[in-house]
Amino acid sequence: MTITEVPHQAAPGTPVSRTPSAVSDAPGLVSWTPDGVSETDKRNAITPGRDRLMLVLSAVAAMGGTLVGVIGFAMSYSTLAEVALSWGFSDRLAGWFPVGVDASIIAFLALDLYLIRKDTGWPLLRAAAHTMTAATIWFNASSQGDIGADPVRSASHGVMPLLFVIGVEAARKLFIKKVQLEAGTATDRIPLHRWILSPIGTPRIYRRMRLYGVTSYPEMIRREQDLKGYEQWLRRKHGGSLDAATEDERLPMTMAAYGYTVTEALALPERQEREAQERAEEAERRRLEAQTRQEQAQTRAQADRLRAEGMLEAVRAQVEAETGQARAHAKAQVSAAERAAEREEAALETALLAEARARETEAERKAADEREARAAADIRTADLERQAAEKRRLAAEADRAAAAETQAIETAAIAEARKRAAEADRAAAETEEAAAEMRLRAAESVRLTETAEETTATARAAAQDAREREAETELRAAEMRLAAAEIERRAVELEDVARLSPRQRAVRKVARMILAADGLTEQLPLAAIQRELGVTSAGTASEYRQEAADLLADGYRPEQ
């Protein structure tokens, strides 16, 4: 015999308890016999003859209980109605008083049975029904006067409600038993003789039955027999002492207080080891599943990372291509702006030189005209002086003639002297006239030379001022072009950092063009936008200009 083989101490044919499937499982509702039929089933087995007897008894009980109830309520009604009248109730309310009292009893008992059927019993309903029954009995007994004076007469009036309550309690007990049998919670009662014959051990058996759900009293007895038999076998094995037994061998005695049978207690270590092994296997399985999920997650994360890197490379290549395109476009625009500035500078220089030469030519022409005018004026002046000299000469001749006529009496010598003197005066006048004319011509020549020099100096100064203004204008234009190129470069760099799309770059380019046009959107022609952006559609250029205006309205500045 092994340690797990339980010695049979009971008589042959004694049922063996069924082992539950788990440690915490309560023992079975009924014990199992070797042939698979429980003692409870044998006791409750219904034969055809017994079935007919039960039907007859049930019919008799129902008819008798109904009859007792009807008679009791009828007697109680009349008695309580009289009591209500004697207590001052009106004729109308006196008839309802017994109805309310008896109906409360029926309602409370019916509701108590209904709650028991729903497994939600409430003891207060039963107590209330019994209280109303006691009140009914008291009302019926006291209706005949002093109870102590004639107790038999008083009891005759109170016995009918009491009989009805007894019948209801019997039906309630049967109903509860039926419900427990249907629900599998019916519990055997420990016989009274066991309480009398074994007052110490019986409470222990009652405690185990109630605590661990052993509903069959014979099952509990067999457990006790198995435990005692196993204990005797274990003593015999170890020479009459249990001290030499191992912990596993003493498990049935240890676990009996917790509702375990001998078989369950002896199988407990093996089951615990098996469950521990299952838990270990389950933990290992969960660990392997977690490891597998982790590896799968790592694989997915690596795949996602590779996909993200590929997408990043693609985006980077796209951004670099767009950036290179934008830079090339910006460089082309800067180069075009520089070439345009050089052409403008050359054109401006040519225009300034032409203008300077035109001014010099105009100054020379004016100087020639002035010289011609002065020469004409000198000629006129000389003519006037000659005419004046001629007039002085004619006057002198007239004077000589008058003198000759006046001094006809003078001598020829005096006349000759006067003639020589007049000739000398005439020669002197002519010489003086010639000298005056020479002086006039020399002064005019000096004046003309000074005027020409002054005109030339003025022309040179004007040309120098024009060149200085041209240089200053060109310097300002160059500075403006340099600032525009710097702003354009910074804007391109910011656009590269922001990774803007080509359309966003184009809109910002148009915004800078609007700022260059004094910030007035309508002053920027669509043709300029088409030329700068290389678009052929005026509608697209208009969209760019509108988006640029909205961008400027939102606070966009190339310096930001």
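This is a predicted model: local features need pLDDT of at least 70, side-chain atom pairs count only at pLDDT 80 or more; totals for chains, interfaces and linings use all residues.
The axis of a helix is here a line fitted to its C-alpha atoms over the stretch in contact, and the angle between two axes is taken between their N-to-C directions.

Helices α13 and α15 pack against each other at an angle of about 75°, and their axes are 8 Å apart. Angles of 65 to 115 degrees count as roughly perpendicular, so α13 is roughly perpendicular to α15. On the α13 side, the contact is made by R503, A506, V507, R508, V510, A511, I514 and L515. Facing them from α15 are E543, Y544, R545, E547, A548, A549, L551 and L552. Sorted by class, this contact has 11 nonpolar and 5 charged residues, with no polar ones.

Now look at α14, which spans residues 526-533. Which of its residues are buried? They are A528, I529, Q530 and L533. Just after α14 comes G534, which takes a positive phi of about 70°.

For a last stop, move to helix α11, which runs over residues 262-406 and holds L266. Is L266 buried or exposed? Its relative accessible area is 11%, and the cut-off for buried is under 20%, so L266 is buried.

Technical notes:
Residues are numbered from 1 along each chain as its sequence is written. Side-chain values use heavy atoms; hydrogens and water are left out. Buried means under 20% relative accessible area, exposed over 50%, partly exposed in between (1.4 Å probe, protein chains only). Helices (H or I, at least four residues) and strands (E, at least two) are DSSP runs, numbered from the N terminus. Axes are lines fitted to C-alpha atoms, for helices over the stretch in contact, and angles run from 0 to 180 degrees between N-to-C directions. Angles under 35 degrees count as roughly parallel, over 145 as roughly antiparallel, 65 to 115 as roughly perpendicular and the rest as oblique. Contact means heavy atoms within 4.5 Å. Ala, Val, Leu, Ile, Met, Phe, Trp, Tyr, Cys and Pro count as nonpolar, Asp, Glu, Lys and Arg as charged, and the others, Gly among them, as polar.
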